[in-house]
Amino acid sequence: MPTKSEILGDLKKERRRLKAELAKVDKAIFSLGAFPVHFMDWKQKALDCMDILNGYTQTAQVLEWVFAAEPKAMENEVLRRKYITALSVALNDLHKTGIIKKFRIPRVQGNFYGLPFWFNENGTLKKNYYGKKLGAMYKHDKELPVKAV
């Protein structure tokens with residue numbers, strides 16, 4: 001009888017195999033030109049979004065902002081995954097070069113991004129950059145308990 005770790009290993013191996021198969025199918029679909037491909041400067045789009053929102057952002061917020069005038073672009077799952085990947089790479093590059101900061105917030109899922117001057121010297125996000133959602137969650141706290149990533 002296989003052990004729990006062996007079963008888990010087999011399941012992970014099968015997931016990798018299925019992801020590879022899906023990638024092949026996606027590549028075939030794109031090679032047929034069945035979907036429009038949007039080439040964007042994702043780094044600039046992310047920075048523009050942060051500037052306009054004047055507060056932290058997450059990948060989903062940037063995508064929502066970019067495609068606000070064209071919501072159908074996000075309906076296709078294949079394109080949506082490609083956009084998320086492209087934007088995630090751009091955000092990580094911006095973080096690695098120090099142009100933006102990446103942080104986590106307790107009890108909130110996902111990474112958040114902000115401009116360096118939005119943070120106090122001790123690394124906490126300044127209150128005027130909380131945004132509506134975080135402002136409501138932490139309205140009684142003097143500082144948002146962020147964790148740099």
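The model is predicted, with local features requiring pLDDT of at least 70 and side-chain atom pairs counting only at pLDDT 80 or more, while totals for chains, interfaces and linings use all residues. Residues are numbered from 1 along each chain as its sequence is written, and side-chain values use heavy atoms, leaving out hydrogens and water.

The chain contains 5 helices and 3 strands, arranged from the N terminus as α-α-α-α-β-β-α-β. Helices (H or I, at least four residues) and strands (E, at least two) are DSSP runs, numbered from the N terminus. Of the 149 residues, 30% count as buried.

Helix 4 comprises 20 residues, 77-96, and at 1.5 Å a residue it should span 28 Å, which agrees with the 28 Å between its end C-alpha atoms. The expected span is 1.5 Å times one less than the number of residues. The buried residues of helix 4 are Val78, Leu79, Tyr83, Leu87, Ala90, Leu91 and Leu94. Just after this helix, Gly98 has a positive phi of about 85°.

Side chains of opposite charge can pair when their charged atoms come close. A salt bridge is defined as a side-chain nitrogen of Lys or Arg within 4 Å of a carboxyl oxygen of Asp or Glu, and the count by this rule is 3. One of them joins Lys43 and Asp93, with the closest N and O atoms 3.7 Å apart. Because Lys43 lies in helix 2 (residues 42-53) and Asp93 in helix 4, this pair ties together parts that are 50 residues apart in sequence. Lys43 is partly exposed, at 36% relative accessible area.

Arg17 and Glu14 form a salt bridge at 2.7 Å, N to O. Both lie in helix 1 (residues 4-31), 3 residues apart, about one turn of the helix. Arg17 is partly exposed at 41%, as is Glu14 at 34%. Lys24 and Glu21 also meet in a salt bridge, at 3.5 Å, N to O. This pair is likewise 3 residues apart in helix 1, about one helical turn. An α-helix has 3.6 residues a turn, so residues three or four places apart point the same way.

Lys102, in strand 1 (residues 101-105), is buried but has no salt bridge, and the nearest side chain of opposite charge, Asp93, is 10 Å away. Here Lys and Arg count as positive and Asp and Glu as negative, with His and the chain ends not counted.

Key:
Buried means under 20% relative accessible area, exposed over 50%, partly exposed in between (1.4 Å probe, protein chains only).
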